[in-house]
Amino acid sequence: MSSSKKLDIIRMVLAIAIALGISFLIIVLTSKEPVVAIVKLLTGPLTSKRSFANVIEAMIPLIFTGTGVCIMFSAKQTNLAGEGAFHLGGLVAAVVALKLVLPAGLSPVVALICAAAAGALFTAIPAVMKIKTGSPVLVSSLLINYLALYFGNYILNYVIRDPSSGTASYPIPDAASLPVLVSGTRVHAGIIIALAVAVCGYLFLYKTKLGYELRLTGQNEAFAQYSGISIVKVILVSQLIGGCVAGLGGGVELLSPIYARFTWASLLGYGWDAIIICTLSKKNPLYTPLAAFFLAYLRTGASIMARSTDVTLEIIQITQGIIILLVVAEQFLSGYRQKMIAKEAKAALKEQEASLT
Amino acid sequence: MMQTIISADFINAILRAATPILFAALASAIAQKSGIVNMALEGIMLFAALFGVIFTALTGNFWLGFLLTIITGGFIGLVLAFFILDLKTDAILAAIAINLIATGATVLILLAYSGERGASSSVSSIAAPQVILPVLDKLPVVGKVISGQNLLTYVALAAVVVVHLFLYKTPLGLKIRSVGENKDAAESVGISSKKVQYIALVISGVLASFGGFFLSGGYMNMFTKDMTAGRGFIALAASAMGGNTPIGGFLVSLLFGTAQALANVMQMFSGIPYELIQMLPYLTSLVGLGIYSYSKMRKAMKLENRS
């Protein structure tokens with residue numbers, strides 16, 4: 001393992017340790033039963049089959065949006081519309097599942113394809129605006145998320161609402177739902193799709209010419225342009241694919257056994273979570289399942305903690321924020337890196353001298 | 001419906017909706033002028049909305065509570081600057097982290113302070129007062145618009161002028177703009193770009209906290225969970241649409257305020273579903289952003305062709 005990779009891992013572990021340390025401190029300061037709370041947070045997910053299954057379930061949407069963001073951020077397209085694409089994906093999957101009568105087996109496939117297409121078209125809006133008008137992707141993508149939310153609310157209330165159920169759609173028919181894989185839990189076929197998406201995302205970014213062009217543009221746009229790469233193509237393709245994956249994730253989540261109906265009246269936040277997944281996996285989709293497992297484990301632990309002690313769930317948002325800050329801070333541990341590089345250089349020099357004499 | 005629109009109340013509604021956006025847009029303008037995108041506006045406003053409530057309740061004094069709140073806002077700006085400038089963190093990711101921490105920490109702090117989840121209804125905070133301007137309030141029709149606004153609305157309008165003068169007429173403003181324009185050129189004439197960007201982000205934090213304070217002590221009289229509701233992001237758009245100038249930001253904030261006020265009126269009078277009306281402010285911002293960016297791009301292309 002190269003020293004820079006080793007250092008990356010050390011930094012990440014240390015960042016997570018510091019973030020957890022600060023969170024524990026907050027728990028100790030605010031809770032009446034800090035030890036119970038911390039134990040529940042750390043070991044809660046391991047105490048029962050159902051709790052551990054919850055971790056796996058929670059991983060699935062994170063892998064999708066995380067992979068989507070990895071692809072967009074690799075091309076340095078700071079498109080934050082993954083949030084809206086996920087929402088729209090869920091909405092479209094619900095509408096297709098409810099309105100199109102298709103044979104079992106085919107129904108979820110069609111619904112998911114439509115969800116992915118909707119997500120792709122959605123995140124392409126900021127991309128097209130960037131190409132045609134020069135609008136900053138960051139700003140336009142932040143704004144369109146709200147359009148996705150309110151449009152979703154409109155469809156929910158006026159097109160698919162079940163009058164007997166408050167604000168929820170008609171129940172998603174069984175024929176359109178994704179099958180459960182492990183009986184007694186809600187771990188569903190979505191995990192297979194999610195893992196496949198992560199692997200495909202990796203293959204695309206690191207093993208294809210187009211993926212290489214995306215990454216090169218992300219690293220140095222001017223250089224990419226001089227080497228004859230079409231920047232317009234990179235802007236469009238990266239965001240189409242990113243949104244497609246996020247939309248697919250929304251569809252998978254909605255058709256999973258976790259949701260019996262479309263009930264999303266607010267944005268769920270998976271688009272923002274994707275950014276921490278992308279940070280932890282260093283923009284490599286292959287590592288998104290690991291990062292998603294970590295985050296899902298932490299969240300499941302936190303919700304077990306919140307249910308049985310006086311500590312609130314929101315503490316985990318603080319932990320996440322600190323992890324992002326420390327992992328992304330380039331100068332964090334830079335003194336240590338300097339020493340390590342110096343040590344390696346010295347060792348190499350000595351070796352050289354030894355071989356000369 | 002037309003009658004409601006052509007009334008003093010409607011203009012008041014515009015100003016109320018525009019005030020927090022305007023503060024945040026000014027905050028964004030200063031950061032942008034120094035060359036940094038401050039996406040943490042959302043989180044800073046949320047923190048300020050909570051601390052405004054807590055500090056005015058704790059001190060029992062509006063001015064002291066307000067002062068402490070904006071100091072906190074400046075401090076968060078300082079933390080953001082430290083991560084971006086000293087620890088070389090990506091500005092967007094650092095801001096996202098701060099926003100995330102704000103979402104969690106505000107709920108946690110409120111719970112620890114008052115035992116309430118999500119809304120500070122039991123905290124007796126002090127809101128910014130309404131200001132009645134003597135004589136002017138007696139004027140027919142316009143009196144109701146010129147006078148009787150929230151104190152912070154007047155402050156926001158004054159801040160447009162102050163920030164404009166600051167950026168374009170003071171030595172520090174010139175330094176901020178030159179660092180944002182070309183960091184290396186500024187460095188070459190002896191300006192410490194790091195120091196200037198630090199200052200810009202702290203000012204940006206202070207201005208954003210004005211907006212956050214207004215949300216819980218003016219727009220509403222308490223803090224509620226996630227009450228910023230994307231206003232920091234809208235302000236980012238407003239500022240971008242206004243060319244990151246104070247005057248431009250002001251005009252776009254008014255446009256946004258109008259869209260918001262119009263949405264509220266339409267909800268009562270038109271048969272259009274509320275969900276679609278809610279899209280109006282965001283759609284207006286998005287279209288406006290497109291038009292502005294397009295005209296800017298055209299201008300740049302023309303200049304290029306000429307040379």
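Here are a few questions and answers about this predicted model.

Visitor: Which element of chain B has the lowest mean pLDDT?
Guide: Overall, chain B averages a pLDDT of 87, and 96% of its residues score at least 70. Helix H4 (residues 62–86) of chain B has the highest mean among the elements, at 94. Where pLDDT is low, the predicted coordinates should not be read in detail. The lowest mean, 60, belongs to helix H1 (residues 2–5) of chain B.

Visitor: How much area do chain A and chain B bury between them?
Guide: Start with who takes part: 44 residues from chain A and 44 residues from chain B are in the contact. A:Leu143, A:Tyr150 and A:Leu325 supply 17% of the area that chain A buries against chain B, more than any other three residues. Carbon and sulfur atoms hold 81% of the total, which is about 3,900 Å².

Visitor: Is A:Val199 buried or partly exposed?
Guide: A:Val199 sits in helix H7 (residues 190–207) of chain A. Together with A:Leu203, A:Leu286, A:Tyr287 and A:Leu290, A:Val199 makes a nonpolar surface patch of about 440 Å². Buried means under 20% relative accessible area and exposed means over 50%. A:Val199 has 39% relative accessibility, so this residue is partly exposed.

Key: Residues numbered from 1 in each chain as written. Chains lettered and ligands numbered in written order. Predicted model: local features only at pLDDT ≥ 70, side-chain atom pairs only at ≥ 80, totals over all residues. Heavy atoms only, no water. pLDDT = per-residue confidence, 0-100. Helix = DSSP H or I, 4+ residues; strand = E, 2+ residues; numbered from the N terminus. Patch = residues over 30% accessible without salt bridge, like charges linked within 9 Å, V, L, I, M, F, W, Y side chains within 5 Å. Areas by Shrake-Rupley, 256 points an atom, 1.4 Å probe, with all protein chains shown as cover. Salt bridge = Lys/Arg side-chain N within 4 Å of Asp/Glu carboxyl O. Buried < 20%, exposed > 50% of the residue type's maximum accessible area, 1.4 Å probe, protein only. Contact = heavy atoms within 4.5 Å. Buried area = accessible area lost by both parts, 1.4 Å probe.
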